[in-house]
Amino acid sequence: MAPESEDGGEVGPAETAAEDSSSPPVAVQAEEPAAATEAEPGKASDGSAQDAGSSSLPEGLSLNYEEARALLGRLEFQKGNVEAALCVFDGIDLQAAIQQFQSSLSDKTPSKKGRPKSESPRSGTQNAASLVLEAIYLKSLSLQKLGKSTEAAHQCKSVLDSVESIFQNGAPDIEQKLQETVNKSVELLPEAWKQAGSYQEALSCYRRAFLIQWNLDEECCTRIQKRFAAFLLYGSVEWSPPSSASQIEGSFVPKNNVEEAILLLMILLRKWYQGKTHWDPSVMEHLTYALSLCGQPSIIAKHIEEVLPGIYPRTERWYTLALCYYATGQKEAALNFLRKSLNKHENPNDIMALLLAAKICSEECHLASEGVEYARRAIITAESSDAHLKSVGLHFLGSCLGKKSKIVSSDYQRSLLQTETLKSFTESIALDRNPDLIFDMGVQYAEQRNMHASLRCAKEFIDATGGSVSKGWRLLALVLSAQQRYSEAEVAIDAALDETAKWDQGSLLRIKAKLKVAQSSPMEAVEAYRALLALVQAQKNSSGSCKTDAEDDSVSEFEIWQGLANLYSSLSYWRDAEICLQKARALKSYSAATLHTEGYMLDAREQNKEALAAYVNAFSTELEHVPSKVAIGALLSKQGPKYLPAARCFLSDALRIEPTNRMAWLQLGKVHKNDGRIADAADCFQAAVMLEESDPVESFRSLS
């Protein structure tokens, strides 16, 4: 009795020939395939192995030599005998099978009436070709498992090259088993090239997977897109644009690897929104990373807000949104999310949320008291678990206390808070000597006019950062200028210009211009402002979709024109000053600084009423604008004895906001003198003299 094939049909003469050639018998029962996971492309998938073992042949058809080797090799692969399977797969004539398969596709002869479609010659040829193609695919997997990734890629490519022509005009009429082999080959090929280190080939194969209509199923397409996006983001591949032939006119064309990855990830998210695929958190993680590289936190926030409730824990969602809004400068919105998250009914002891809330509050004087509470809660939470986080909490506590000291009305309270600020910084440094902490401590020392300690911190910060961060050089230059060492400060600025990146040099050039003014070199100061203006305009004209936001200490074009207006007005070049003011007003219509300069020009020309009106407008525009308060106080003190109380009020308020403003002390001394308070006047004049000896060319507050 003749042996039966897997579907019950007789095995023909071709199988006998295979047995005669010392191959094991083909007519064997299919073994249960070994399970394989999607994450391991080197193993056959469940569907592939099982179908390979139970693939049916139509009755009356026989196996030829290639088909027999394909079946035997598949069985060896299922058993895990990779090397044996590879030996069996060798020698299969792929081209012969493909030629038969392609000719079967062109055969349009309908099946005879009453004859099942599965028994047609065309179907039998497709079945045979499917066996051979799957054998080549399994051969690729075998080579990959043996570490021969390049050979595996070539074998896999041969499968796709052989069938590519039949997919040119859309999905062909082929059996499901053959389509599955094509799908798996499309998925395997770029992975094999990646393992071989041929990243350009992998890039081309990923794109080829989407340019040709392979009729991929949704899950397979999703896996390829996700792997391609990860490859673009983390693969360190030398990116090249897609070929112009594949681009549709008017469509978006990525300009770099990050843009192409974002495009793929957006497509994956849209699929999830439409219910075509399951939720994968790694897609959002990749997208968050890519958009962060492009400086687009607002888009990250938009996508996180669109994710349906239940995907993320709400406190985690709030914290992530707070990070995004903080990065876009929307501090109040970020803090509101953190307040919700830190509510006693949610997660009040989340240390990362506490630290972020404290950091946000440390940047605004009116939020400083709230930030102190967040920082102290973070310190208590991290007390016994993490010394680094405790150090960060102490750092933010010191920053909040320092901000709080600037708005208290009592000198005693201010002194107490400043002492607590330095104490918190000292405790933090004992746990973690962080460069940013050293810098903040240096600024605090400078504001308290402890120049020697501040100079030491500035030098340590520059050493710790290798001189690559501009704010350390700025602190050093301002401390040297406060010590009246202008030439040394200028040397420090020149060194900083050599060490720092071009886009970070705006604030350095601004200080250089002010140093030139302090050294009575106004024309050189003008040249410095011109260089600064050229830099800012170059920044504005620079293009690129993935530019990051400028540093917080960057200089705006408005500040440059305002600085030039101040310079020309101090030289009594009224026409030039007015031109610069017009430029500044065009950029910012309502500015306290511009109105103050306008008032100064009117005051210098003894137009007192107009000057006072300009100063009042400046004060109304920005309620805590100290120069305007000082100017109003000085102008009122000249109007006669009945205006002295009002003048004293404005000057005292200016000193409440900025206790180290020497001009406020000087004008207050004049008011006391005119009012007959000689002792008070002497104290004010003495304070003004002491502050003049340690007055920097630019306020230390510009550093914080």
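Contact here means heavy atoms within 4.5 Å. This is a predicted model, in which local features need pLDDT of at least 70 and side-chain atom pairs count only at pLDDT 80 or more, while totals for chains, interfaces and linings use all residues. Residues are numbered from 1 along each chain as its sequence is written, and side-chain values use heavy atoms, with hydrogens and water left out.

**Figure 1**
Arg-207 sits in helix H9, residues 199-211. (Helices are DSSP runs of H or I with at least four residues, strands are E runs of at least two, and both are numbered from the N terminus.) With a relative accessible area of 13%, Arg-207 is buried. (Buried is under 20% relative accessible area, exposed is over 50%, and partly exposed is in between, using a 1.4 Å probe and protein chains only.) Skip its neighbours within four places in sequence, and Arg-207 is in contact with Phe-228, Trp-239, Ser-240, Pro-241, Pro-242 and Glu-260.

**Figure 2. Thr-181 in helix H8.**
Look for Thr-181 in helix H8, which covers residues 176-196. Thr-181 counts as buried, at 3% relative accessibility. Not counting residues up to four places away in sequence, Thr-181 touches Leu-133, Glu-134 and Tyr-137.

**Figure 3. The buried side of helix H15.**
Helix H15 runs over residues 331-341, and its buried residues are Ala-334, Leu-335, Phe-337, Leu-338 and Ser-341. These cover an arc of only 155° around the axis, so they are on the same side of H15. (The arc is that of the directions from the helix axis to the C-beta atoms.) As background, an α-helix has 3.6 residues a turn, so residues three or four places apart point the same way. What do the buried residues of H15 pack against? Their partners are helix H13 (297-306), helix H14 (314-327), helix H16 (351-361) and helix H17 (368-381).

**Figure 4. Helix H16 against helix H17.**
The axes of H16 and H17 are 8 Å apart, and the two helices pack at an angle of about 150°. That makes H16 roughly antiparallel to H17. (Axes are lines fitted to C-alpha atoms, for helices over the stretch in contact, and angles run from 0 to 180 degrees between N-to-C directions. Under 35 degrees counts as roughly parallel, over 145 as roughly antiparallel, 65 to 115 as roughly perpendicular, and the rest as oblique.) H16 and H17 cross in a left-handed way. (Left-handed means that the near helix is turned anticlockwise from the far one by less than a right angle; clockwise is right-handed.) From H16 come Ile-351, Leu-354, Leu-355, Ala-357, Ala-358 and Cys-361, which meet Ala-368, Glu-370, Gly-371, Tyr-374, Ala-375, Arg-377, Ala-378 and Thr-381 of H17. Sorted by type, the residues of this H16 and H17 contact are ten nonpolar, two polar and two charged. (Ala, Val, Leu, Ile, Met, Phe, Trp, Tyr, Cys and Pro count as nonpolar, Asp, Glu, Lys and Arg as charged, and the others, Gly among them, as polar.)

**Figure 5. Ser-399 in helix H18.**
Ser-399 belongs to helix H18, residues 387-405. Is Ser-399 buried or exposed? Its relative accessibility is 16%, so Ser-399 counts as buried. Beyond its neighbours within four places in sequence, Ser-399 is in contact with Ser-362, Phe-425 and Asp-440. Ser-399 and Ser-704 are 305 residues apart in sequence, yet 9.6 Å apart in space, C-alpha to C-alpha.

**Figure 6. Two loop residues with positive phi.**
Ser-520 is in the loop between helix H24 (506-518) and helix H25 (522-541). Phi of Ser-520 is near 60°, a positive value in a residue other than glycine, and Ser-520 counts as exposed at 64% relative accessibility. Glu-606 is in the loop between helix H28 (592-604) and helix H29 (608-621). For Glu-606, phi is near 60°, again positive in a residue other than glycine, and this residue is exposed, with a relative accessible area of 67%.

**Figure 7. Helix H28 alongside helix H30.**
The axes of H28 and helix H30 (residues 626-637) come within 10 Å and cross at roughly 25°. That makes H28 roughly parallel to H30. On the H28 side, the contact is made by Ala-592, His-596 and Asp-603, and on the H30 side by Pro-627, Ser-628, Ala-631 and Leu-635. This H28 and H30 contact has four nonpolar residues, two polar and one charged.
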